[in-house]
Amino acid sequence: METIRKQATRLREQVARQQQAVLKQFGAGGYGGNLVTDEAELVQHQKLEKLYISTRAGKHYQRDIVRGVEGYIVTGSKQVEIGTKLSEDSRKYGAENTCTSGSTLSRASLSYGRARAQMEKERGNLLKALGTQVAEPLRAMVMGAPLEDARHLAQRYDRMRQEAEAQAIEVSKRQAKVRETPGNSDNVMKLEAAEAKLQDLKSNMGILGKEAAAAMAAVEAQQQRLTLQRLIAMVEAERTYHQRILQILDQLEGEMVSERQRIEAPPSPTVDNSMPPPPPYEEVNGIYASQTHNGLSDGMDYFLGEVMFTYQAVSDVELSLSVGDYVVVRKVTNNGWAEGECKGKAGWFPFGYIERRERVLASKVAEVF
């Protein structure tokens, strides 16, 4: 189609050059020269040419975006299918694994399977957003009536302009015949009829040119506005997707690192039977506060610790711990006990059952309180 259009353009240029040669042959004066050199009509014609080129380029760019998004959706859907299968396989292994040396890998597989399912769900949401918010609106405008109607007006104007140019040549020919045969009433009447037709064509061409220019300008503005909006929508959808994926991966990494630390951690410590009991809590103004054992305590700032070994409280002042929990450690005594808070409860526990952590996921910090 583009090749045919280029050939038609070259043919019109050739015809225009031939028309100019005919106009020169039949002399200046008359309507031919006025039509070609009319400043307002020339500006109108150049404006329509620029609008036609601009809207054509805008249409092609919109079509390129639609094709790119459609291709991304096709490949993305295949990736969702592959990722979902991997998620199912990971969860199946985690649920059915009968390894005798521990269940660490099973827990990690379950965590990975859940995270992978969440990521594929987010990918599916992204593909859906790209289809409904980007591809469909742009496709509708590419195929829409406003653009085609405006282009048809411009094409009608172009055909009428060519007709007017041909009529101007006819007027010049009639003028030459009148000069060659003075007093010939038949030639005079034909000249007057040709001039009247040319005037009508010029008048109609001016009106049609304004309508076509207004329609093309409106379409151009709509093209620019809608395409920019869809590009922004595409960027926002992808940004949201990547943020969600990062959150999922951060949480998954934290869970897997904890599993690895459990594997690499030394054997669970035992509480020394000779270790004195933890200090008591005393009530002060309705609030239970811990005291140091025999007045001895390290002057440490609060910090977060991850529970590496399970501990079961044996008295009311002690705090039960589960592997993977996080504790706000508020006090450490010099006889092996630490005092802190976990999941809204406070008490004493063996300090050797936790490890200090400098970086903790926000979701884990929230669980402490």
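Buried means under 20% relative accessible area, exposed means over 50%, and partly exposed is in between (1.4 Å probe, protein chains only). Keep that in mind as you click around.

You're looking at a predicted model, where local features need pLDDT of at least 70, side-chain atom pairs count only at pLDDT 80 or more, and totals for chains, interfaces and linings use all residues. Residues are numbered from 1 along each chain as its sequence is written, and side-chain values use heavy atoms, with hydrogens and water left out.

**Stop 1: the whole chain**

Start with everything shown as cartoon. There are 7 helices and 7 strands, taken as DSSP runs (helices H or I, at least four residues; strands E, at least two) and numbered from the N terminus. Trace the chain from that end and you go α-α-α-α-α-α-β-β-β-β-β-β-β-α. Of its 369 residues, 36% count as buried.

**Stop 2: two helices side by side**

Now select 39–96 and 145–180, which are helix 3 and helix 5. Their axes sit 11 Å apart, at an angle of about 145 degrees; axes are lines fitted to C-alpha atoms, for helices over the stretch in contact, and angles run from 0 to 180 degrees between N-to-C directions. The crossing is left-handed, meaning that the near helix is turned anticlockwise from the far one by less than a right angle (clockwise would be right-handed).

Show side chains at the contact (heavy atoms within 4.5 Å). On helix 3, pick out Tyr52, Arg56 and Lys59, among others; on helix 5, the residues include Arg151, Tyr157 and Asp158. By class, this contact has 5 nonpolar, 4 polar and 7 charged residues. Here Ala, Val, Leu, Ile, Met, Phe, Trp, Tyr, Cys and Pro count as nonpolar, Asp, Glu, Lys and Arg as charged, and the others, Gly among them, as polar.

**Stop 3**

Head to the open sheet of 5 strands, ordered 6-5-4-3-7 and paired antiparallel. Two strands pair if DSSP finds at least two bridges between them. At the edges you'll find strand 6 (345–350) and strand 7 (354–357), each pairing on one side only. Neighbouring strands are turned by 45 degrees against each other on average, direction ignored.

Zoom in on strand 3 (303–307), which pairs with strand 7 over 4 bridges. Glutamate 306 has glutamate 355 in strand 7 as its bridge partner.

**Stop 4: salt bridges**

Next, color the charged side chains. A salt bridge is a side-chain nitrogen of Lys or Arg within 4 Å of a carboxyl oxygen of Asp or Glu, and the count comes to 14.

Stay on glutamate 306: which arginine does it form a salt bridge with? Select arginine 357, where the closest N and O atoms are 2.8 Å apart. This pair links strand 3 to strand 7, 51 residues apart, and both residues are buried.

Glutamate 341 is in strand 5 (337–342) and arginine 330 in strand 4 (326–332), so the pair ties together parts 11 residues apart in sequence. Glutamate 341 is buried, at 18%, while arginine 330 is partly exposed, at 25%.

Then jump to helix 6 (185–264), where lysine 190 and aspartate 186 lie 4 residues apart, about one turn of the helix. Their side chains meet in a salt bridge of 3.5 Å, N to O. Lysine 190 is partly exposed at 37%, and so is aspartate 186 at 39%.

Last, select Arg116, Glu120 and Arg123, which are linked in a network of salt bridges.
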